[in-house]
Amino acid sequence: MFTTLCSRRAISRTIASPLPKRYFHITPQIHASPLVERVNNVTMASSSGTPKVTSLVDLPSSDAKWVKLQKATYIDAKGKERVWEIASRKTTGSAGVDAVAMGNIIYHPTKAPSTIVVIQFRPPVGGFTVEWPAGLIDADEKPEEAAVRELYEETGYKGKVISTSPPVAADPGMTSANLCLCMVEIHLNEGDVEPEQHLDEGEDIQRVNIPIAELYERLEEFAKEGYVIAAKLYHWAAGAQYAIDHPHLFQKASKPAVGT
């Protein structure tokens with residue numbers, strides 16, 4: 001399902017996962033915004049059940065397919081030996097980067113620039129997340145190749161990578177996992193239809209199109225309704241909003257004239 005927040009209409013592709021407000025611990029007085037209500041109503045109308053975590057047990061690293069738990073012994077700056085627990089991925093490929101996230105900008109002839117975020121159930125947080133499309137990098141892939149592939153699989157769009165960040169830490173206090181942020185441009189023509197997703201078995205992802213100028217505000221609304229916002233998406237939106245609100249902080253100092 002693709003929900004566009006520009007035109008306030010839902011374009012068909014039904015998914016199985018609802019995004020019910022009741023799933024989260026929400027203060028009763030807080031009413032869902034029109035944006036979130038549209039997402040909830042459309043998904044609930046076509047859903048057959050609510051994803052949920054039914055059990056949580058300890059898992060030895062030897063039994064895990066994707067991650068492992070390690071104990072690192074290190075010497076600190078004062079020469080004292082210390083121990084740190086680290087969660088690591090087992091799937092890191094030849095690029096040395098675990099994953100890629102696609103910050104995407106959609107250009108349309110008659111509409112404001114927008115971005116696609118994806119909403120899906122994430123067992124580690126026990127709820128629905130709002131994220132930019134993202135995925136693991138295959139064994140022999142470059143981050144840019146994975147970005148184009150994952151964007152196509154999760155959204156149906158074919159984009160062009162215009163910049164790639166260096167590998168950045170996802171949560172350096174807990175895990176060695178890293179990722180690259182690839183900024184991707186998608187150029188549409190008037191009358192282009194919304195493409196079909198190409199999801200793997202078990203994936204259940206809703207696409208939501210948000211005008212870039214409204215991104216920070218919309219993420220705040222989703223957060224108030226109990227959705228978990230991915231840090232990389234929120235930080236990008238919050239940084240952009242801060243730059244808009246405080247433009248003087250981002251003005252480069254002028255260079256002195258020659259000869260002065």
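Is Glu 217 buried, partly exposed or exposed, and what is its relative accessible area? Glu 217 is partly exposed, at 44% relative accessible area, where buried means under 20%, exposed over 50% and partly exposed in between (1.4 Å probe, protein chains only).

The model is predicted, so local features need pLDDT of at least 70 and side-chain atom pairs count only at pLDDT 80 or more, whereas totals for chains, interfaces and linings use all residues. Residues are numbered from 1 along each chain as its sequence is written, and side-chain values use heavy atoms, with hydrogens and water left out.

**View 1. Salt bridge between Arg 218 and Glu 217.** The two side chains meet at 3.3 Å, N to O; a salt bridge is a side-chain nitrogen of Lys or Arg within 4 Å of a carboxyl oxygen of Asp or Glu. Arg 218 counts as buried, at 16% relative accessibility, while Glu 217 is partly exposed. The structure holds 9 salt bridges.

**View 2. Salt bridge between Arg 149 and Glu 150.** The closest N and O atoms of this pair lie 3.1 Å apart. Glu 150 is buried, with a relative accessible area of 8%.

**View 3. Salt bridge between Asp 76 and Arg 82.** These side chains meet at 2.7 Å, N to O. Asp 76 counts as buried, at 18% relative accessibility, whereas Arg 82 is partly exposed, with a relative accessible area of 36%. Side chains of opposite charge can pair when their charged atoms come close.
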